[in-house]
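Let's take a friendly tour of the charged side chains in this model. Have the structure open as you read.

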Amino acid sequence: MNQRYTQISCVALLLLALVLPFAFKSSASGKKGISEEDRVKAAYVFLEAEKQRNMGRDDAFHHLIEYAHSLDPENTAIAYYMGYSRLMKSNMNTADSAFMESLRMMRKHVDLHPEDKYEASLYANGNMIANQVQEALRVLKIQAERNPHSVETRLSIADAYARLGEFRNAIAAYDSVQLWQGQSVQLLARKVRAYQALNDTTGALNEMRSLLATAPRNVDFNLAMGNMMLMFGERDSALVYLDKAQQYEPENGATYLAKAQYYNAIGDSLNYDKQTYQALVSKDLDVESKVDVLADYARHLLVAKDSTGRTENLFNVLIQQHPLEPQIHMLFSDYLAAKDDMKGAAEQMDYAVKLDPTEAQAWKRLVILHIISEN
């Protein structure tokens with residue numbers, strides 16, 4: 001019995017040793033008004049709170065961290081996570097006074113312990129949400145000095161500069177990110193937005209040409225270049241790059257989608273229709289994109305009072321391609337209801353609820369359709 005008790009005690013002490021370096025960071029021994037017993041108890045409770053948080057049990061985490069904070073309110077690590085917990089419960093509403101108070105609770109620990117980069121990152125993100133961009137930038141710069149190879153931190157700094165309207169600084173920061181991670185469409189999009197804000201069309205185009213030069217036959221790069229040209233009003237040049245993308249990968253549904261958007265922008269309904277159809281029947285375009293495209297396409301034909309049956313045909317093609325996707329049946333139901341075919345709409349919604357019985361909205365819409373049909 002004594003041996004078993006000793007083993008359990010050793011395990012408990014080992015677990016405590018793992019959390020104490022963090023939980024005791026701000027707690028100097030002998031703090032007036034807080035007993036050593038309460039400090040140790042708070043550390044144990046904090047350990048259990050972190051365990052609950054990692055398991056996704058937010059309510060248990062909140063109650064435990066509140067208790068730990070009541071035992072040792074001077075422990076900045078516990079106060080930080082007390083603020084974090086309140087931040088999560090505030091629904092990120094900046095008008096809520098609790099939101100700002102939560103950030104104040106988090107700041108002290110971040111300032112005293114800049115080595116805790118995860119906590120600093122969460123605090124910086126909270127300030128970005130609260131539109132306290134200067135405060136977020138201050139913390140991010142400290143983290144960049146401590147972790148000069150962190151691409152994520154550099155990217156956050158660049159985004160903060162862009163939020164502040166300091167676009168030249170933002171571009172310089174994006175350049176530093178590019179040195180570490182290389183060029184990408186996502187990074188380019190950020191830089192282009194900064195150049196646009198500066199009304200620097202030449203800078204934006206030079207960036208895109210630089211990216212395209214690294215891989216002239218890259219479909220994503222050509223699509224990005226085509227979209228940029230269209231944005232700048234260079235329609236002929238835009239179409240050249242979109243055509244190249246389609247030529248390089250004729251089975252890529254994204255190329256047809258991009259060209260459909262191009263034709264829609266210039267008011268060419270005939271070619272918009274053709275490219276949209278090809279995008280929807282392609283096998284490699286993801287379902288979410290197809291549903292979004294088909295929703296726009298269906299609205300377009302409803303407005304045009306199309307009676308050719310093309311939309312119904314497309315829905316049937318998509319259902320054959322993706323027979324287990326309730327989203328397609330729900331959209332088909334909405335389309336048929338808009339055409340006053342309530343029986344057909346109810347039939348499609350019935351398919352949707354059978355594929356996903358947990359979708360409450362589908363059940364509600366099915367009931368409404370039956371009521372309208374007097375069924």
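Predicted model: local features only at pLDDT ≥ 70, side-chain atom pairs only at ≥ 80, totals over all residues.

Arg-365 pairs with Asp-334 in a salt bridge, where the closest N and O atoms are 2.5 Å apart. Helix α20 (residues 360-372) carries Arg-365 and helix α18 (residues 326-338) carries Asp-334, so this contact ties together parts that lie 31 residues apart in sequence. Asp-334 is partly exposed as well, with a relative accessible area of 34%.

Next, have a look at Asp-200, which forms a salt bridge with Arg-168; here the closest N and O atoms are 3.7 Å apart. Arg-168 sits in helix α9 (residues 167-181), while Asp-200 belongs to the loop between α10 (185-197) and α11 (201-214), so the pair joins parts that are 32 residues apart in sequence.

## A pair within one helix

How far apart in helix α5 are Arg-104 and Glu-101? They are three residues apart in that helix (residues 97-112), which means that about one helical turn separates them. Arg-104 counts as exposed, at 52% relative accessibility, whereas Glu-101, at 34%, counts as partly exposed.

## The wider picture

The structure holds 17 salt bridges. Some charged residues join up in a group: Arg-107, Asp-111, Glu-135 and Arg-138 are linked in a network of salt bridges.

Methods:
Residues numbered from 1 in each chain as written. Heavy atoms only, no water. Salt bridge = Lys/Arg side-chain N within 4 Å of Asp/Glu carboxyl O. Helix = DSSP H or I, 4+ residues; strand = E, 2+ residues; numbered from the N terminus. Buried < 20%, exposed > 50% of the residue type's maximum accessible area, 1.4 Å probe, protein only.
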